[in-house]
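Subject: Structure handover and notes

Hi,

Here is the structure I promised to pass on. Please load it first, then read the notes below.

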Amino acid sequence: MTKMSDPWIALIYPPVAKPAEPPAGIARLAGALRAANVGCRVIDANINGLCHLLNTVLPQNDTWSARAFKHRDSHLYALRDPAVYARPDAYSRALADLGRLLHNAGQNTAARPGLADFTHARFSPVNSADLRKAAQRPRDNPFHDYYQNHLAKEVLETGARVAGISINYLSQALCGFALIGVLRQIRPDLRIILGGGLITSWMRQPGWKNPFEGLVDALICGPGEKALLEMAGCRDTGRLPAPLPDYADLAANPYLSPGFVLPYSASDGCWWKRCAFCPEKAEKRPFRPIARSTAADQLRHLTQQFQPRLIHLLDNAISPALLGQMVHTPPGAPWYGFVRMGPPLDNPGFCYKLAASGCVMLKLGLESGSQEVLDRLEKGINLKTASRVLNNLAQTGIAAYVYLLFGTPAETRAAACQTLEFTAAHSPFIDFLNLAVFNLPAHSPEAQTLESRNFYKGDLALYRDFAHPFGWHRRQVRRFLKKHFKKHAAIRPIIRRDPPVFGANHAPFFPRPFSSRKKGGQCPVDFVFFQGYIRR
């Protein structure tokens, strides 16, 4: 077995993903490996690569670029300062200027990097041939200088024999493969392993065949602890305990948040997994929860170790059992996460206890304000219950970040108008909104009943376009959102409150209007900080 003092693997998280917090997946892998005395180095190439681009971009002559360059350092400082989150204009200006600098950093290539995305004029992240080209021509990637002169040297200095690259989002794919190209050039003997959420989704598609043979040595589908430990020569991996994530290599990185945000996942997969058109169901991804008492103990341990300003629970949907455990065993720091719109949140007493545990915000997948649509999509959501949930959260001071999904095969324009009406009626209780247009999972069982066509050109595309059965096509949906939904007087202020670029990742840090229903009408709107939870 490899000794702890000799790193066997470098775990790398490539650009580009929102740099608000460290990557939880490779921290969990590091915890499992180190618990088995397998040495590893954890490298967040996302935040380090973005900072490298911002620090090395050359000044430009246009007014916007010159201003952005002049204020670069102050903008980076501002995003790590709680005070700027009380000044939305200054916050938005900082993000816009930093985005301008990243745009300029890609001018000599066909790429356009941003703080949360990465696009390329010639290469597509869902085309395996383009990904191979990205690896063959890494100099065409704006992160090449960082890869070549910083990241590769760090990998060489560790003496690691393996590089494990975690790719979770399409915005990471081209940059991840450019990194593979650099590592192949510098260390041809280095074994390269790919894993992460996006790789898992690709591998779970029907008829999957590995298009990266000869470039990548191994691909890991799903959680990677067991696979990596077996590759490292560890035995008895049949019943592994839930690893304690190890953020030791990551906590000091300059993430763009006002304090350390601790991400934590208490499960893999979704506990509900009944929704029509669900990618989780289409991929047959099992639900793997950590025992809730173990999750609570780990959260308390990590909170004591790293003193986070905020905890981000990453579960696809926090189970009612875990919510109850959070009430029983508070983690010791403010927290937020994604939940289903139903029990136990319909109980006002439980919501008060949840707030007392440190819950400052919940992301809620309402999806539609039409009961018929919710029923046809098998969401298991009752609108009367959803109304009580929103009211309860408002009464207790927990912010509601509501997710709506338009253009599903079950929706008509009339149903979309019902969603508008429900949202407007509950606007005093909704702090933030995420509006999305439905994408059809390519291999969901329900997709076989629809006339579909390629949405993206590429053999790795996970979604398809489709002919809407009621003629409620994407163009009409987008027009409705732009001209009607977003312009509604009760909804427009909520839309404007949503933090640009970072969305829910930064929303808990913002002052928010808080109101609640009382007999005789609606309380006056008042601005309230989460002063009781988030440390100054």
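Start with Val501, which lies in the loop between helix 19 (492-497) and strand 19 (512-514). Keep in mind that this is a predicted model. Val501 has a phi near 70°, a positive value in a residue other than glycine. Its relative accessibility is 38%, so Val501 counts as partly exposed.

Gln307 is another backbone point to check. Its phi is positive, about 50°, although Gln307 is not a glycine. You will find Gln307 in the loop between helix 12 and strand 11 (310-313). Gln307 is partly exposed, with a relative accessible area of 49%.

Two cis peptide bonds deserve a look as well. One runs from Pro15 to Val16, with omega near 0°. Val16 sits in the loop between strand 1 (9-13) and helix 1 (24-35). Another runs from Pro343 to Pro344, with omega near 5°. Pro344 belongs to the loop between strand 12 (335-339) and helix 14.

Now the helix packing.

Helix 12 (residues 292-306) and helix 13 (residues 320-328) have axes that come within 9 Å. They cross at roughly 45°. The crossing is right-handed. On the helix 12 side, the contact uses Arg292, Ser293, Ala295, Ala296 and Leu299. On the helix 13 side, it uses Ala321, Leu322, Gln325 and Met326. By class, this contact has 6 nonpolar, 2 polar and 1 charged residues.

Helix 13 also meets helix 14 (residues 348-356). Here the axes come within 8 Å and cross at roughly 60°. Helix 13 and helix 14 are therefore oblique to each other. This crossing is left-handed. Leu323, Gly324 and Val327 in helix 13 touch Phe350, Lys353 and Leu354 in helix 14. The residues of this contact divide into 4 nonpolar, 1 polar and 1 charged.

Next, charge pairs. Side chains of opposite charge can pair when their charged atoms come close. How many salt bridges does the structure hold? There are 15. A few of them follow.

- Arg100 and Asp62 pair at 3.2 Å, N to O. Arg100 is in helix 5 (residues 88-105), and Asp62 is in the loop between helix 2 (45-56) and helix 3 (63-70), so the bridge ties together parts that are 38 residues apart in sequence. Arg100 is partly exposed at 21% relative accessibility. Asp62 is partly exposed at 29%.
- Arg453 and Asp465 pair with their closest N and O atoms 3.5 Å apart. This bridge links distant parts of the chain, with Arg453 in strand 17 (residues 452-454) and Asp465 in strand 18 (residues 463-466), 12 residues apart. Arg453 is partly exposed, with a relative accessible area of 37%. Asp465 counts as buried at 17%.
- Asp189 and Arg187 pair at 2.9 Å, N to O. Asp189 is exposed, with a relative accessible area of 58%. Arg187 counts as buried at 15% relative accessibility.
- Arg34, Asp246 and Asp249 are linked in a network of salt bridges.

Last, two residues with their surroundings.

His52 is in helix 2. Is His52 buried or exposed? Its relative accessibility is 12%, so His52 counts as buried. Setting aside residues up to four places away in sequence, His52 touches Asp145, Tyr146 and His150.

Gly365 is in strand 13 (residues 359-367). Gly365 counts as buried, at 10% relative accessibility. Leaving out neighbours within four places in sequence, Gly365 is in contact with Phe338, Val339, Ile381 and Tyr403. The C-alpha atoms of Gly365 and Tyr85 are separated by 25 Å. Along the chain, Gly365 and Tyr85 are 280 residues apart.

That covers the notes.

Best wishes

Definitions and conventions. Residues numbered from 1 in each chain as written. Predicted model: local features only at pLDDT ≥ 70, side-chain atom pairs only at ≥ 80, totals over all residues. Heavy atoms only, no water. Axes fitted to C-alpha atoms, helices over the stretch in contact; angles between N-to-C directions. Helix = DSSP H or I, 4+ residues; strand = E, 2+ residues; numbered from the N terminus. Left-handed = near helix turned anticlockwise from the far one by under 90°. Contact = heavy atoms within 4.5 Å. Nonpolar A, V, L, I, M, F, W, Y, C, P; charged D, E, K, R; others polar. Salt bridge = Lys/Arg side-chain N within 4 Å of Asp/Glu carboxyl O. Buried < 20%, exposed > 50% of the residue type's maximum accessible area, 1.4 Å probe, protein only. Parallel < 35°, antiparallel > 145°, perpendicular 65-115°, else oblique.
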